[in-house]
Amino acid sequence: MDCPRWLPLESNPEVCILFVSCLGMKSTWQFGDVYGLDPELLSLVPRPVCAVLLLFPVTEKYEAFKQEEEERLKHQPQDVSPDVYFIKQTIGNACGTIGLIHAVANNQAHLEFEHDSPLRKFLEQTSKMTPEERATFLEKDESIRVTHESSAQEGQTEAPGLDEKVNLHFIAFVNVGGHLYELDGRKPFPIVHGKTSQDTFLEDAVEVCKIFMARDPQEVRFTIIALSKDSY
């Protein structure tokens, strides 16, 4: 049985904002671009930051690293907090939505929702599920699918067709219990990247983003988006 496929989301803050607002998240926190990785440009990002999204190219080097990392962590299990909300990706091209769900789900203490928010309802209904069960539940969630499709049409560039191969991938970084987590629905589990804090979270997440970039130095297709308290 073929997995369902959605149109890919464009990696710009306006599309992210449209997506979560259509699903009932209030605008007390906003997505915005991170324009550079040096301290001067990072200082322009409003604080606090509660999530970072990274869009990056899926290359042969990355796939080889991902396989090696998975094998290594199977033999050296990580200490992952039970408070981390993690969902597997079983829908083609849905990594943007998975990344946004990861960003929002792990920051519900900070974020505010409309009383009839479909996104909050989804998070409440799936809170006790396994990552695989959440993925199956998402496949059947019409409100999120419809919002994803309409948001995918809102980008500044024309959305690719459903069957076009898209070799760009979204992941999220969040702070749960003072630890920095990389959440990627294509991976079997969250990846722990050491300790972090509210004050250092953006810089800590960016250090991991730099490793992704260093792995493919000839690539330029990287985008970083921060979810910040103050309006951009």
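Trainee: In what order do the strands of the open sheet stand, and what is the pairing?
Mentor: The model is predicted. Its open sheet has six strands in the order β1-β6-β2-β3-β4-β5, with antiparallel pairing.

Trainee: Which strands stand at the edges?
Mentor: Those are β1 (30-33) and β5 (191-195). Each has a single partner strand, so one side of each is left without a neighbour in the sheet.

Trainee: And by how many degrees are neighbouring strands turned against each other?
Mentor: On average by 25 degrees, with direction ignored.

Trainee: How many residues of β2 are buried?
Mentor: Nine of the nine residues in β2 are buried, and the strand is mostly covered.

Trainee: What stands opposite Leu55 in β3?
Mentor: Phe170 does. In β6, Leu55 has Thr223 as its bridge partner.

Trainee: How many bridges join β3 to β4?
Mentor: There are five between β3 (residues 168-176) and β4 (residues 179-183), and these strands run antiparallel. Within this region, Phe173 stands opposite Glu182 of β4.

Trainee: Turning to the helices, which strands does α8 lie across?
Mentor: Helix α8 (residues 201-215) lies across β2, β3, β4, β5 and β6, and runs at about 10 degrees to β2. Helix α1 (residues 13-22) lies across β1, β2 (49-57) and β6 (223-228), at about 170 degrees to β1.

Trainee: Which residues are buried in α6?
Mentor: In α6 (residues 131-139), the buried residues are Arg134, Ala135 and Leu138. They cover an arc of only 100 degrees around the axis, which puts them on the same side of α6.

Trainee: What covers them?
Mentor: The cover for the buried residues of α6 includes α4, α5 (118-126) and α7 (142-152).

Trainee: At what angle do the axes of α4 and α5 cross?
Mentor: They cross at roughly 75 degrees and come within 11 Å. That makes α4 roughly perpendicular to α5. Ile101, Val104 and Ala105 of α4 make the contact with Leu119, Phe122 and Leu123 of α5.

Trainee: How many residues are in the largest nonpolar core?
Mentor: It has 45 residues, and Leu53 and Leu138 are those with the most contacts inside it. Helix α4 (residues 95-105) gives the most to this core, with seven residues. A second, separate core has 21 residues, among them Val34, Leu202, Val206 and Val208.

Trainee: What is Leu53 in contact with, leaving aside neighbours within four places in sequence?
Mentor: Its contacts are Cys16, Phe31, Gly99, Leu100, Ala103, Phe170, Ile171, Ala172, Thr223, Ile224 and Ile225.

Trainee: How many residues apart in sequence are Pro13 and Ile225?
Mentor: They are 212 residues apart in sequence, while 6.8 Å separates them in space, C-alpha to C-alpha.

Trainee: And Glu69, is that residue buried or exposed?
Mentor: Glu69 counts as buried at 5% relative accessibility. The place of Glu69 is in helix α3 (residues 60-75). Leaving aside neighbours within four places in sequence, Glu69 is in contact with Lys187 and Ile191.

Trainee: Now the backbone. Which residues does a cis peptide bond join?
Mentor: The cis bond joins Arg47 and Pro48, with omega about -10 degrees. Pro48 is found in the loop between α2 (39-42) and β2. For context, most peptide bonds are trans, and most residues other than glycine have a negative phi.

Trainee: What is the phi of Asn93?
Mentor: Asn93 is not a glycine, yet it has a positive phi of about 65 degrees. Asn93 has its place in the loop between α3 and α4, and it is buried, with a relative accessible area of 11%.

Key: Residues are numbered from 1 along each chain as its sequence is written. This is a predicted model: local features need pLDDT of at least 70, side-chain atom pairs count only at pLDDT 80 or more; totals for chains, interfaces and linings use all residues. Side-chain values use heavy atoms; hydrogens and water are left out. A nonpolar core is a set of buried Ala, Val, Leu, Ile, Met, Phe, Trp, Tyr and Cys residues joined through side-chain atoms within 4.5 Å. Buried means under 20% relative accessible area, exposed over 50%, partly exposed in between (1.4 Å probe, protein chains only). Helices (H or I, at least four residues) and strands (E, at least two) are DSSP runs, numbered from the N terminus. Contact means heavy atoms within 4.5 Å. The arc is that of the directions from the helix axis to the C-beta atoms. Two strands pair if DSSP finds at least two bridges between them. Axes are lines fitted to C-alpha atoms, for helices over the stretch in contact, and angles run from 0 to 180 degrees between N-to-C directions. Angles under 35 degrees count as roughly parallel, over 145 as roughly antiparallel, 65 to 115 as roughly perpendicular and the rest as oblique.
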